[in-house]
Amino acid sequence: NFSLEHSGKLAEKLRSIGLGLRNNKDIYERFYDEDKKRPKGIAYRIMELTRLGKRSEVFFTLLNEFQGAYFPKELAHAFNPVYSDELFKTFIYSFLSGILGEKTKEGGEE
C-alpha cells in the first residue's frame with residue numbers, strides 16, 4: 001500500500017512539474033509548438049518510446065531536451081528500476097500530460 005501511495009504522489013508531482021514548465025518558455029517550446037497549437041515531434045517520440053518501455057532511450061531523450069536547464073529530480077525518480085513498466089509509463093505520461101495538456105476557456109488547466 002505504501003508503494004502505491006508513494007507512486008500516486010509521484011505521478012501527481014510529475015504532472016505538477018509539467019504544468020510548471022509551461023511557464024519556462026525555453027523548455028515548453030521544446031515540447032510544444034505554439035504556432036501550430038500541437039506537440040512537437042519529440043513529444044510524440046517520447047510517448048512512443050515510453051509505450052514500448054524503452055526507459056534508457058526515454059531518459060536520454062529527456063536529458064537532451066533539458067540541456068542547459070534544471071532536470072527535475074522527481075522526473076529522474078520515475079526511472080528507478082523498482083517501479084514496474086506500467087508505473088514508469090504512468091509517471092512519464094503524467095509529466096507529459098502536465099506540459100502538453102490543453103488550457104480551459106477560464107485559463108486553467110484541463
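1. A word on accessibility before anything else: buried means under 20% relative accessible area, exposed over 50%, and partly exposed in between (1.4 Å probe, protein chains only). With 43% relative accessibility, His77 therefore counts as partly exposed.

2. Please keep in mind that this is a predicted model, in which local features need pLDDT of at least 70 and side-chain atom pairs count only at pLDDT 80 or more, while totals for chains, interfaces and linings use all residues. Residues are numbered from 1 along each chain as its sequence is written, and side-chain values use heavy atoms, with hydrogens and water left out.

3. The overall layout comes next. The protein chain has 6 helices and 2 strands, where helices (H or I, at least four residues) and strands (E, at least two) are DSSP runs numbered from the N terminus. Along the sequence the order is α-α-β-β-α-α-α-α.

4. Some totals for the chain: of its 110 residues, 39% are buried. The accessible surface comes to about 6,800 Å², and 52% of that belongs to carbon and sulfur atoms; these areas come from the Shrake-Rupley method with a 1.4 Å probe, and for residues only the protein chains shown count as cover. Taking contact to mean heavy atoms within 4.5 Å, 63% of the contacts between residues at least 6 apart in sequence join residues at least 24 apart.

5. What is the angle between the axes of helix H4 and helix H6? H4 (residues 55-65) and H6 (residues 85-100) cross at roughly 20 degrees, and their axes come within 12 Å. Here axes are lines fitted to C-alpha atoms, for helices over the stretch in contact, and angles run from 0 to 180 degrees between N-to-C directions. The two helices are therefore roughly parallel to each other; angles under 35 degrees count as roughly parallel, over 145 as roughly antiparallel, 65 to 115 as roughly perpendicular and the rest as oblique. Arg55, Val58 and Leu62 of H4 make the contact with Asp85, Phe88, Ile92 and Phe95 of H6. By class these are 5 nonpolar, no polar and 2 charged residues, with Ala, Val, Leu, Ile, Met, Phe, Trp, Tyr, Cys and Pro counted as nonpolar, Asp, Glu, Lys and Arg as charged, and the others, Gly among them, as polar.

6. Helix H3 (residues 41-51) also pairs with H4: their axes come within 9 Å and cross at roughly 160 degrees. That makes H3 roughly antiparallel to H4. On the H3 side, Ile42, Arg45, Ile46, Leu49 and Thr50 meet Glu57, Val58, Thr61, Leu62 and Glu65 of H4. This contact has 5 nonpolar, 2 polar and 3 charged residues.

7. The pairing of H3 with H6 has axes that come within 10 Å and cross at roughly 165 degrees, which means H3 is roughly antiparallel to H6. From H3 come Ala43, Ile46, Met47, Thr50 and Arg51, and from H6 come Phe88, Lys89, Ile92, Tyr93, Leu96 and Leu100. The classes here are 8 nonpolar, 1 polar and 2 charged.

8. Is Ser7 buried or exposed? At 3% relative accessibility, Ser7 counts as buried. Ser7 sits in helix H1 (residues 2-21) and, neighbours within four places in sequence aside, is in contact with Tyr83, Leu87 and Phe91.

9. Returning to His77, this residue lies in helix H5 (residues 73-77). Leaving aside neighbours within four places in sequence, His77 is in contact with Leu10 and Tyr83. His77 and Phe91 are 14 residues apart in sequence, and their C-alpha atoms are 9.3 Å apart in space.

10. Lys37 deserves a look at its backbone: phi is near 55 degrees, a positive value in a residue other than glycine. Lys37 is in the loop between strand S1 (32-33) and strand S2 (38-39), and with 57% relative accessibility counts as exposed.
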